[in-house]
Amino acid sequence: GQQVMQIPQYQHVQEGEDFTTYCNSSTTLSNIQWYKQRPGGHPVFLIQLVKSGEVKKQKRLTFQFGEAKKNSSLHITATQTTDVGTYFCAGNQGAQKLVFGQGTRLTINP
Amino acid sequence: ETGVTQTPRHLVMGMTNKKSLKCEQHLGHNAMYWYKQSAKKPLELMFVYSLEERVENNSVPSRFSPECPNSSHLFLHLHTLQPEDSALYLCASSQAGTQYFGPGTRLTVL
């Protein structure tokens, strides 16, 4: 079945440094979604990318969808302590099923 | 956020007990999901219900039994669990692919 690989598994940065997590699918995706889970919380939807090569920004967060619609990345500029958490990508395999990556756990040294 | 609620929030049970997890969504969505989240597998899809019909069962052991009596409610019945079943059990609902997660039930099996 479809697999979604996400790297790195863990990332520790100094506050103010940038952070990037990468997501790769074994198959072409109809769209990709990103979620954030704060420590002790539950995953919360951030954004969905649909078009090949699409780039979307949310303040300091930049999301990209690859030209082949098989990979995606999330980049955070100048991290803040509020960015701490685990970031998951999820590939859409049909309207009712998402395949989640393993997540990247971000910790920040203030 | 109160769109998706789960009870109980914490549960400790012995291996011979029978218990049920409850999920309720107030968003008018037509699909509901059970996920298992543990250190080994961050977000593992267990069951998918679409329009109250089970459409996905990811090789989950029979000691987990889902029930979806209507589009707003989802249950996960538990019996004769194993210690390795200890995890966070997350419920989610969706309408157009984006998933809205509940707060989860932290389950500990002794």
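The structure, a predicted model, holds two disulfides over all chains. A disulfide is a covalent bond between the sulfur atoms of two cysteines; here the term is applied to a pair of cysteine sulfur atoms within 2.5 Å. As the model is predicted, local features need pLDDT of at least 70 and side-chain atom pairs count only at pLDDT 80 or more, while totals for chains, interfaces and linings use all residues. Residues are numbered from 1 along each chain as its sequence is written, chains are lettered from A and ligands numbered from 1 in the order in which they are written, and side-chain values use heavy atoms, with hydrogens and water left out.

| Disulfide | S to S distance |
|---|---|
| A:Cys23 to A:Cys89 | 2.0 Å |
| B:Cys23 to B:Cys91 | 1.9 Å |

In chain A, the link of A:Cys23 and A:Cys89 is right-handed, with 75° about the S-S bond. A:Cys23 belongs to strand E3 (residues 19-25) and A:Cys89 to strand E9 (residues 85-92) of chain A, so the bond ties together parts that are 66 residues apart in sequence. Strands are DSSP runs (E, at least two residues), as are helices (H or I, at least four), and both are numbered from the N terminus. Both A:Cys23 and A:Cys89 are buried; buried means under 20% relative accessible area, exposed over 50%, and partly exposed in between, for a 1.4 Å probe and protein chains only.

In chain B, the torsion about the S-S bond of B:Cys23 and B:Cys91 is about -70°, so this disulfide is left-handed. Because B:Cys23 lies in strand E3 and B:Cys91 in strand E9 of chain B, the pair ties together parts that are 68 residues apart in sequence. B:Cys23 counts as buried at 0% relative accessibility, and B:Cys91 is likewise buried at 0%. B:Cys68, by contrast, is in no disulfide; the nearest cysteine sulfur, that of B:Cys91, is 9.1 Å away. B:Cys68 is also buried, with a relative accessible area of 12%.

The largest nonpolar core has 22 residues, and those with the most contacts inside it are B:Trp34, B:Phe64, B:Leu76 and B:Leu78. Such a core is a set of buried Ala, Val, Leu, Ile, Met, Phe, Trp, Tyr and Cys residues joined through side-chain atoms within 4.5 Å. Among the elements that give two or more residues to this core are strands E3 (18-25) and E9 (87-94) of chain B. Apart from this core lies another, of 20 residues, including A:Val4, A:Trp34, A:Val99 and A:Leu106.
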